[in-house]
Amino acid sequence: EDKVVQSPLSLVVHEGDTVTLNCSYEVTNFRSLLWYKQEKKAPTFLFMLTSSGIEKKSGRLSSILDKKELFSILNITATQTGDSAVYLCAVGQGGKLIFGQGTELSVKP
Amino acid sequence: DVKVTQSSRYLVKRTGEKVFLECVQDMDHENMFWYRQDPGLGLRLIYFSYDVKMKEKGDIPEGYSVSREKKERFSLILESASTNQTSMYLCASSYFDRANTIYFGEGSWLTVV
């Protein structure tokens, strides 16, 4: 059975901390891994990863994929209260996405 | 701008009622999806469609049906709503075989009492 597992499920940090969110997967016909941020509305796209070992970066966020060990991490440095959200990992299988449970991040002032 | 529009944002329905959730996209996408989102469970796929009049079951199709009579419109139907169907429902669309092109609607919050 195809599955995507995220950890931790929830996390509370203080502004300025660095966090690492994890996503492991067992999916047949893997095509890509995607990260989304969701704040009480539709998920917004962060990154798409298809190749191992190549870091994608956008401001304070970065992500990398390991296709041998079947996992990805999302790093957020110097966290801000605006980073509080649910972070979703999804694996693309053809035209379909299989989602993990999400990690709820809360950043305290 | 790509638009995936869910016509009903907040609904309250009674147990046993028939419920229609409508979704329309304007990008000529082949694929359309209905997901359900519950705390701690992420997004779970209910049904998806690759083409007009075509549908495939996702991971949790029980208690739901769908209709796709036109390419731009995908409807989710709860034949007889139950309290365990209280949830947030997300519609999405994408180009065929390109999951990274997926766009989401704003979500429909359904409460069944």
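About 500 Å³ of space lies in the largest pocket. A pocket here is an open set of points on a 1 Å grid over the protein atoms alone, with protein on both sides within 12 Å along at least five of seven lines, and lining residues have an atom within 4 Å of a point. The volume is the space filled by probe spheres set on the points, which are joined across faces, edges and corners.

This is a predicted model, where local features need pLDDT of at least 70, side-chain atom pairs count only at pLDDT 80 or more, and totals for chains, interfaces and linings use all residues. Residues are numbered from 1 along each chain as its sequence is written, chains are lettered from A in the order in which they are written, and side-chain values use heavy atoms, with hydrogens and water left out.

**Exercise 1.** Work out what lines the largest pocket.

*Solution.* Start at the centre: of the 21 lining residues, Lys40(A), Val86(A), Glu104(A), Gln37(B) and Pro39(B) lie nearest to it. Next, go by strand (a DSSP run of E, at least two residues, numbered from the N terminus). Strands 9 (85–93) and 11 (103–108) of chain A, plus strands 4 (31–38) and 9 (87–94) of chain B, each supply at least two lining residues. Strand 11 of chain A gives the most, with four. Last, sort by class: seven nonpolar, 10 polar and four charged. Asp, Glu, Lys and Arg count as charged; Ala, Val, Leu, Ile, Met, Phe, Trp, Tyr, Cys and Pro as nonpolar; the others, Gly among them, as polar.

**Exercise 2.** Do likewise for the second largest pocket, with its volume of about 350 Å³.

*Solution.* Its lining has 17 residues, and Glu1(A), Asp2(A), Ile98(A), Phe99(A) and Asp59(B) lie nearest its centre. Two or more residues each come from strand 1 and strand 10 (96–99) of chain A and from strand 5 (42–49) of chain B. Strand 10 of chain A has the largest share, four residues.

Key:
1 Å grid on protein atoms, 1.4 Å probe; cavity = no way out; pocket = protein on both sides within 12 Å on 5 of 7 lines; lining within 4 Å.
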